[in-house]
Structures are given as C-alpha cells and as structure tokens.
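Hi,

Here is the structure I promised to pass on to you.

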Amino acid sequence: MTELTNLTVAEIRDGVAAGTFSAREVASAFNAAVEAGRALNAYIVETPELALAAADAADAARASGDLKPLSGVPIGMKDLFCTAGVQTTAASHILEGFTPPYESTVSGKLWAAGAGMLGKLNLDQFAMGSSNETSAFGKVISPWRDASGKDLAPGGSSGGSSSAISARLCPAATGTDTGGSIRQPAAFTGISGIKPTYGRCSRWGIVAFASSLDQAGAMARTVKDNAILLETMAGFDAKDSTSLDLPVPQWEANLSSDLRGKKIGIPKEYRPDGLNAEIAALWDQGIAWLKDAGAEVVEVSLPHTQYALPTYYIIAPAEASSNLARYDGVRYGQRVLPDGAGLQDMYAATRAAGFGDEVKRRIMIGTYVLSAGYYDAYYTQACKVRTLISRDFEAAWETCDLLLTPTAPSAAFPLGEKQEDPLAMYLNDVFTVPASLAGLPAMAVPGALNSAGLPLGLQIIGKALDEQGVLNAALALEERAGFTARPEKWW
Amino acid sequence: MSINSSTVKKVASLARIAVSDDEAERLVPELNNILGWVEQLGQVDVSGVEPMTAVIPNALRLRDDVVNADPLTGGNVRDKVLANAPQAEHGFFAVPKVIE
C-alpha cells in the first residue's frame with residue numbers, strides 16, 4: 001500500500017480524482033501522522049474534524065463529477081491566518097483564545113478550492129524570529145537530526161509549516177514571509193517554498209507584522225506543489241489596499257525546466273568572506289545545474305546588499321510597533337488589569353504580560369526609531385536606502401532575468417544556540433531580506449545534504465510578477481538536485 | 001547615539017509596555033547593540049534619493065461609496081465585533097474608569 005502521507009499535493013489531487021484512494025483515507029492518514037508527531041510541536045491547534053469534513057466533501061464531489069482544484073488535499077495553516085471559528089494566536093499569549101468570526105482571504109480561497117485544514121501551525125511569535133523559539137506555545141523541533149542528536153531549529157518564522165511538511169504531517173502548508181520566513185525554514189528542512197511578488201496574495205485576515213513587507217506564500221516538498229497552491233492563494237482582493245489587480249497566471253500548466261534563452265545573475269556581494277564552504281560549493285553546483293538547463297550565467301553586482309539587513313531591522317520593527325498597537329486588552333485577546341489600575345496601566349500591564357521578549361524588543365526599537373528627533377536619522381534614512389536596494393535589482397535586470405543565491409548562511413542550528421544573541425539570529429536572513437525589501441518573488445529549493453546530513457537550500461529571485469520564471473528555474477534545480485532525502489522518524 | 005535606562009523607560013512608556021527597573025537595565029545593552037548595528041546606514045549617501053513608500057507601483061483605489069459594499073467588512077455585526085472582547089457590557093467594550 002502506498003504511504004499516503006508521503007504523497008505530494010499533485011499526487012493526492014490526481015489520485016483522489018482517479019479513485020486510486022479516497023480523500024477520507026488521505027485525511028485520516030494525515031490526522032494520524034499529526035497526532036503521532038506531537039513531539040515536534042508543529043501544530044498549535046489540531047482540526048482533524050475539519051480535514052475529514054473537507055475530505056468527505058471531496059469524495060462526494062468526485063461521485064458527482066464536481067471536483068475542485070484542491071479537492072481531497074489536506075493542508076496545514078500557519079497560525080497567522082485568521083480562520084473562522086478556530087483559535088488564531090500568531091503564537092502569542094496576547095491573542096490566546098481569540099476566535100475570529102471571519103476567514104482570511106487566502107485561507108478562504110484554499111477552502112473554497114476544496115482543501116481541508118489539518119490544523120493551525122506553530123510559528124515565531126507574531127512571525128518575529130528565525131528559529132521558531134519565540135512562540136508562546138513552545139519551540140517547534142525540526143524532524144532532522146545530525147550526529148549530535150540535539151534538537152535542531154526548523155527555521156522561522158514559518159517553522160511549524162516547515163517541520164510539519166518535512167515530517168510528513170501535511171503535504172503542504174501556507175507560510176508568510178516578511179524577511180525570509182518562508183524561504184529560510186524551507187532551506188533548514190529540505191523543502192521548497194515561494195514568496196510571491198508583494199501584492200499577489202491578499203493580506204486581509206493575516207495578523208499584521210510589517211505591512212510593507214508581509215506576503216503570504218506556499219510551502220511544499222515540490223516546486224509543482226508550490227505552483228498549485230500559490231495559484232489558489234493569489235488573486236485580487238479589494239479588502240487589501242496593496243493587492244495587485246491582475247489575473248493569476250496558470251503557473252502549474254506553464255511549468256518548464258527548459259531555461260534556454262534565460263540569463264541567470266550571480267550577485268557577487270552574496271559571497272562574503274567566510275561564507276560556509278559547503279554552501280559555496282552547493283551554489284557553484286547550482287550554477288552548473290542551471291547551465292545544464294540551458295541558461296547563461298553572468299556575474300552581477302547588488303552594491304547595497306550589506307545594508308539590507310540593517311534597513312530591514314529599522315523598517316520592520318517600525319511597522320510592527322504601529323501594527324501591534326492594536327493589542328490593548330480592550331477589543332480582543334488577553335487583558336491584565338491590576339487592582340485599582342486605570343486605562344493606561346491596563347494597556348501597559350496587558351502588553352507586558354502578553355508579548356514575548358523578542359516582540360517587545362522589536363516594538364521598542366520601532367517606537368524609538370519613529371520617535372521625535374530620531375525619525376529622520378533612522379526611519380527616513382532606512383526608507384531611502386530601501387530605494388537604493390530596490391534600484392540595485394532594477395539595474396541587475398538589465399543584464400539578467402533571474403538571480404541564483406544561497407537561501408541561508410548555514411544549515412539548521414541547535415535550538416537555544418542563538419537565542420541569547422538577537423543580532424546573530426537576525427543574520428540568518430542575510431540572503432532573503434533584500435528580495436523582501438524590493439517586493440520581489442523568491443523561492444527556496446533544497447539542493448543537497450551537508451556533511452552532517454542536514455539540508456541546504458538554493459534561492460531563486462525574480463523580477464516583479466515573474467513567479468513563472470522563478471518556479472521554472474527552481475524546477476530546473478529540483479530536477480537536477482534529485483533531492484529525495486527525508487528525516488528519519490524518531491518522534 | 002547610545003541609550004540609557006531612562007530612555008528605555010521613556011520608549012517603553014510610549015509603547016505602553018510596563019517594564020521594571022531590572023528589565024530596563026537588561027534592555028539597555030540589547031537595544032544598544034541593535035541600534036549600534038543599524039547606525040551603519042548613516043554611511044550611505046542618499047542625497048537626492050526619495051524614501052520608498054511602495055515596493056510595487058500600485059495606485060490606491062477608491063471603492064464605491066455604498067454601505068456594506070462587502071458584507072465581510074460591513075456593519076451591523078455588533079455581537080461579532082464584541083465576541084472576543086475580554087469584557088463587553090450592554091453592547092459596548094468595557095474599560096476601567098477613564099475620567100474621575
């Protein structure tokens with residue numbers, strides 16, 4: 001019998017349509033895997049009944065000849081997407097018990113396309129983190145292990161998504177990416193993930209972190225699955241003022257790994273002194289793979305790359321300090337009201353108790369850089385440098401169509417290793433943040449295992465709206481990498 | 001520019017986050033590390049550069065001026081709005097007394 005939990009989204013969709021297995025069998029298999037995988041702490045809330053209900057609807061739809069694009073496919077939903085009637089917390093105590101009366105646009109599109117929800121996936125609190133250690137509901141553990149046997153980080157902030165997909169607790173999941181929160185966890189766990197162009201997916205109903213950067217995307221084990229999921233997630237939504245009013249291309253149908261005529265840029269600033277040798281070697285291998293697929297490879301320069309991270313760590317906290325002002329203990333979430341406290345004391349006590357350390361740190365940084373006297377020196381300066389970073393990409397597109405880079409500067413690190421040093425943690429996003437600042441589509445694909453047996457990823461960055469080019473180059477890498485490794489089950 | 005614990009307390013107060021003296025002391029080096037690092041942006045020549053406000057050119061839209069154009073963001077849902085309130089009374093959000 002086929003191991004149902006090892007099937008891809010495309011295989012589940014097609015198998016249900018062909019009657020090879022029922023959607024109920026698939027949902028039941030994944031529900032059992034979710035239950036058996038609790039040691040990974042990937043899910044905050046499990047919703048097996050919702051997965052089964054969607055599966056039964058899919059089986060009925062097959063009988064009546066009314067299958068939808070994702071009928072029979074159960075998925076995990078990052079707990080940053082509001083889901084009607086199911087607790088949504090952003091992994092923060094301040095939202096514990098919050099049950100949205102409405103559905104986010106993106107999750108609603110997935111359910112309307114026939115997908116079912118296995119549960120709400122853990123994440124770094126308010127999506128702030130690169131290791132999934134800042135969740136108020138406990139750390140997520142990667143299913144991967146090296147010889148040390150230590151618990152490893154699944155990456156972040158979409159660490160519940162990456163851990164669950166690589167451990168076969170779901171075939172695919174949603175993620176959100178503000179500075180690398182889809183791509184870095186994908187790289188750490190040997191899966192793929194795509195952040196589309198800013199504005200492709202509606203932000204309506206997604207708990208906001210940094211609104212000029214936040215973008216939903218897909219995570220799955222194959223490039224094709226990412227194309228399938230993203231096609232359903234994307235699309236214009238009048239409820240998001242930054243939503244792009246453009247038709248959604250047929251990314252799956254137009255997948256092609258033939259890169260003849262494409263020029264791939266290799267940004268020299270992404271190869272700093274001291275770049276991990278195994279990552280540098282994989283990058284060289286990636287260059288060879290893309291040449292083999294017919295692409296021409298050229299060196300390009302993105303001169304402001306070194307300023308991307310500090311720019312991000314001004315802009316993102318500034319926006320977060322504004323967005324998170326809404327958690328006041330009045331309208332939803334937790335309230336802490338000390339004896340005899342007035343309104344202002346209630347706000348301060350509620351926010352002190354409800355937010356985790358990293359969230360407070362970023363709110364304070366954001367408040368400081370926006371405060372009178374510092375606004376121009378920090379925030380305006382960062383917004384100007386952001387323009388320069390974006391112009392770097394524009395200049396690069398004059399000589400190439402896509403960029404190939406590593407996804408993260410290291411393989412997964414042990415949990416706890418960087419938790420005490422915020423700056424060391426921030427450096428994880430060094431290769432992913434520039435594309436976020438410029439709003440460009442970017443995708444992570446697994447390339448190889450390092451000498452310790454842990455996955456390493458490659459990243460493709462594309463021009464605005466060229467998700468197809470990104471997916472196609474990623475497919476060319478995927479076909480040549482032949483990455484089939486999966487973590488050995490220990491949980 | 002480096003900050004001290006009284007600046008930390010001022011910022012915490014602006015952000016409406018209660019911090020104890022010990023926490024403020026602990027935050028001083030943490031925040032100074034981060035601020036010291038982002039200050040490198042001051043080296044970048046940005047003369048004549050406009051600050052970025054939108055990553056993808058996109059005109060802001062106006063919707064038709066009609067009530068409940070989209071029921072999901074429309075009105076007449078008082079009970080839903082109040083459903084998650086820590087304290088709701090008589091159809092309102094309840095808060096501690098503000099005016100003596």
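Let me start with A:D292, which sits in helix α8 (residues 277–292) of chain A. Helices here are DSSP runs of H or I with at least four residues, strands are runs of E with at least two, and both are numbered from the N terminus. A:D292 counts as exposed because it has 12 C-beta neighbours inside 10 Å. From A:D292 to A:G439 it is 147 residues in sequence and 29 Å in space, C-alpha to C-alpha.

A word on conventions: this is a predicted model, in which local features need pLDDT of at least 70 and side-chain atom pairs count only at pLDDT 80 or more, while totals for chains, interfaces and linings use all residues. Residues are numbered from 1 along each chain as its sequence is written, and chains are lettered from A and ligands numbered from 1 in the order in which they are written.

Now for chain A as a whole. It has 15 helices and 11 strands. Its radius of gyration, taken over C-alpha atoms, is 21 Å, close to the 23 Å from the globule rule for 491 residues, so chain A is as compact as a globular protein of that length. (The rule is 2.2 Å times the number of residues to the power 0.38.) The C-alpha trace spans about 65 × 50 × 50 Å along its principal axes, and 62% of the 491 residues are buried.

Helix α2 (residues 23–36) of chain A is worth a look too. Its end C-alpha atoms are 20 Å apart, which agrees with the 20 Å that its 14 residues should span at 1.5 Å a residue; the expected span is 1.5 Å times one less than the number of residues. The buried residues of α2(A) include A:V26, A:F30 and A:V34. Down the axis of α2(A), the buried residues fall within an arc of 160 degrees, so they line one face of the helix; the arc is that of the directions from the helix axis to the C-beta atoms.

Finally, the contact between the chains takes 59 residues from chain A and 43 residues from chain B, where contact means C-beta atoms, placed from the backbone, within 7 Å. On the chain A side, α12(A) gives the largest share, 11 residues.

Best wishes

Definitions and conventions. Contact = placed C-beta atoms within 7 Å. Buried ≥ 20, exposed ≤ 12 C-beta atoms within 10 Å, placed from the backbone.
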